[in-house]
Amino acid sequence: MKETLVKQLQPNVSKSKEESSNEELIKRVQIKDSPFEVITQDGYSFGVMGNYRLTEKSNDAKEIAKELKKITWNRVIQIVMILDEVKNKIKQEKV
């Protein structure tokens with residue numbers, strides 16, 4: 001699994017002593033041979049595909065990764081719906 005740490009700044013960041021408290025650490029773990037990632041933020045993890053969340057929040061990132069590796073009908077339907085939504089957004093942008 002490829003692991004990437006991403007530092008994300010909150011909007012309206014001030015340049016004061018409180019600057020470090022306005023930063024959030026987001027951990028992204030790529031699921032090998034899949035379009036899925038496990039995002040961990042503030043102690044909670046969830047599975048995503050691109051900008052779309054696929055799983056509920058959990059305290060266990062390994063359990064989320066295990067869940068994303070399973071190919072279930074529910075997951076297939078989620079992916080088809082996401083792809084359809086992306087296709088529709090692209091069509092609307094062209095108009």
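**Figure 1. Buried residues of helix H2 in the predicted model.** Arg75, Ile79 and Ile82 of H2 are buried. Viewed down the axis of H2, the buried residues fall within an arc of 65°, and therefore line one face of the helix. An α-helix has 3.6 residues a turn, so residues three or four places apart point the same way. The partners against which the buried residues of H2 pack are strand S3 (36-41), strand S4 (44-49), strand S5 (52-53) and helix H1 (61-69).

**Figure 2. The exposed face and the span of helix H2.** Trp73, Asn74, Val80, Met81, Lys91 and Gln92 are exposed and are carried on the face of H2 turned away from its buried side.

**Figure 3. Asp33 in the loop between strand S2 (23-30) and S3.** Asp33 is a residue other than glycine with a positive phi, near 60°. Most residues other than glycine have a negative phi. The relative accessible area of Asp33 is 76%, above the 50% cut-off, and Asp33 is therefore exposed.

**Figure 4. Asp42 in the loop between S3 and S4.** Although Asp42 is not a glycine, its phi is positive, at about 55°. Asp42 has a relative accessibility of 61% and so counts as exposed.

Note on methods. Residues numbered from 1 in each chain as written. Predicted model: local features only at pLDDT ≥ 70, side-chain atom pairs only at ≥ 80, totals over all residues. Heavy atoms only, no water. Helix = DSSP H or I, 4+ residues; strand = E, 2+ residues; numbered from the N terminus. Expected span 1.5 Å × (residues − 1). Buried < 20%, exposed > 50% of the residue type's maximum accessible area, 1.4 Å probe, protein only. Arc of directions from axis to C-beta. Contact = heavy atoms within 4.5 Å.
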